[in-house]
Amino acid sequence: MEEKKYISQLPVVEAPPGFESQVLARVRDRKVRAVRRRRWEFGLAGVGAVAVAVVVLISPGIKQPEYSARQVKTDNSSLETIQVMEPLNLENEMRRATDDPQTVFILEKVSDQPLIQQVRY
Amino acid sequence: MNKRMDDQELMEKIKKGDEVAFSQLMIMYKDRVVNFLYQFTGDYQLAVDLSQETFLRVFFKAKKYRPIAPVSSWIYAIAANLARTERKKISRQAAIPLDEVTDSYSAGTYSLDHNDPGLMRNVKQALDRLHPRYRLPVILKDVEGFSQEEIATMLKLPVGTVKARISRGREYLRRWLEEGREIKNRAEENEGYGLKLPDD
């Protein structure tokens, strides 16, 4: 057990003077750096989002729809509505319908055998 | 118990970013942490740097602390992890050719006389020679006075493993100290048989 005794008698060292103030200074420094880093991250994220939006809007590879809902709205608001009255002669329509040959489908049973037969090889 | 309560209260305040509470905690533990890291690394400046890093982590990771273990155990666990990481970093960087490596410990001689100023130096050298796997639990037990259960919690090892490592570490130290003593005795014997040159 001698070794245990010797180890416990080893010279003890202490923290240097000003230890706490140095640590506190490093704590504040890291806080400031963390805030700066967060700002950078937000800034970069914002720039990235804007860049993606610009690319999406300007890119010629992406085909715009020919007639979008927005265009419909703007067209409706800017133009006057013109009511078109078209005469319709229902008599002619009815006559044409009666002239067409009428098709009659007769459903007839043609076999007594069941529809699905067993296949033999 | 009161001390532990104080520690817990301080930790609760540190979790909210209270720098005054953090300073109080540092005052309570800075010397112990520096001494522990000095005994482990053998380098005072490195021990101070690692201690500062330990307390920085205590401040910024305070929210991760759970009051199931004493604050001291948690702080020592952080310090031990940092010390181990630093040791690995140093061992990766140090690429010394084998020819240049000298066994400085076995070349040293000392006696086990308590008045011998070289004794403690040699004990320190033996401790430095010990593999960190054994050195860490031995220091925590014999220098810092933690129980085996507390050391097991700090190092995240089973209690049985901690016991075995402490025992093995002490055994190595005893063996090396005895070897050093034999070398010293042999050197003294050789000096006794040496020829004396006549004075002019």
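1. One salt bridge in chain B joins the side chains of Lys15(B) and Glu12(B), with 3.4 Å from N to O. This is a predicted model, and the distance is computed from its atoms. Both residues belong to helix α1 of chain B, which covers residues 2-15. Lys15(B) and Glu12(B) stand three residues apart there, about one turn of the helix. Glu12(B) is partly exposed, at a relative accessible area of 37%.

2. A salt bridge also links Glu53(B) to Arg57(B), where the closest N and O atoms are 3.6 Å apart. The two residues sit in helix α3 of chain B (residues 44-60), four residues apart, so about one helical turn separates Glu53(B) from Arg57(B). Glu53(B) counts as buried because its relative accessibility, 15%, is under the 20% cut-off. Arg57(B) has a relative accessibility of 36% and counts as partly exposed.

3. In helix α6 of chain B (residues 117-129), Asp128(B) and Lys124(B) are four residues apart, which means a separation of about one helical turn. Their side chains meet in a salt bridge of 3.0 Å, N to O. Which of the two partners is buried, and which is partly exposed? Lys124(B) is buried, with 10% relative accessibility, while Asp128(B) is partly exposed, with 32%.

4. Some salt bridges share partners: Arg26(A), Arg30(A), Glu53(B) and Arg57(B) are joined in this way into one network. Within this group, the side chains of Arg30(A) and Glu53(B) meet at 3.0 Å, N to O, in a salt bridge. Over all chains the structure holds 13 salt bridges, and the count between chain A and chain B is five.

5. What else is counted between the two chains? Between chain A and chain B there are 11 residue pairs in polar contact, both residues being at pLDDT 80 or more. On the side of chain A that touches chain B, the elements giving two or more residues are α1 (2-8) and α2 (19-58) of chain A. The largest share of that side comes from α2(A), with 10 residues. By residue class, the side of chain A that touches chain B divides into 12 nonpolar, three polar and 10 charged residues.

6. The contact between the chains involves 25 residues from chain A and 36 residues from chain B. About 3,000 Å² is buried between chain A and chain B, and carbon and sulfur atoms give 67% of that area. Which three residues supply more than any other three of the area that chain A buries against chain B? They are Tyr6(A), Ile7(A) and Val13(A), which supply 21% of it.

7. Chain B as a whole has nine helices and zero strands. Read from the N terminus on, its elements run α-α-α-α-α-α-α-α-α. Of the 200 residues in chain B, buried residues make up 43%. Taking contacts in chain B between residues at least 6 apart in sequence, 66% join residues at least 24 apart.

Methods:
Residues are numbered from 1 along each chain as its sequence is written. Chains are lettered from A and ligands numbered from 1 in the order in which they are written. This is a predicted model: local features need pLDDT of at least 70, side-chain atom pairs count only at pLDDT 80 or more; totals for chains, interfaces and linings use all residues. Side-chain values use heavy atoms; hydrogens and water are left out. A salt bridge is a side-chain nitrogen of Lys or Arg within 4 Å of a carboxyl oxygen of Asp or Glu. Buried means under 20% relative accessible area, exposed over 50%, partly exposed in between (1.4 Å probe, protein chains only). Contact means heavy atoms within 4.5 Å. Buried area is the accessible area (1.4 Å probe) that two parts lose on being put together, summed over both. A polar contact is a pair of N or O atoms within 3.5 Å; within protein, one must be able to donate a hydrogen and the other to accept it, and residues adjacent in sequence count only if both atoms are side-chain atoms. Ala, Val, Leu, Ile, Met, Phe, Trp, Tyr, Cys and Pro count as nonpolar, Asp, Glu, Lys and Arg as charged, and the others, Gly among them, as polar.
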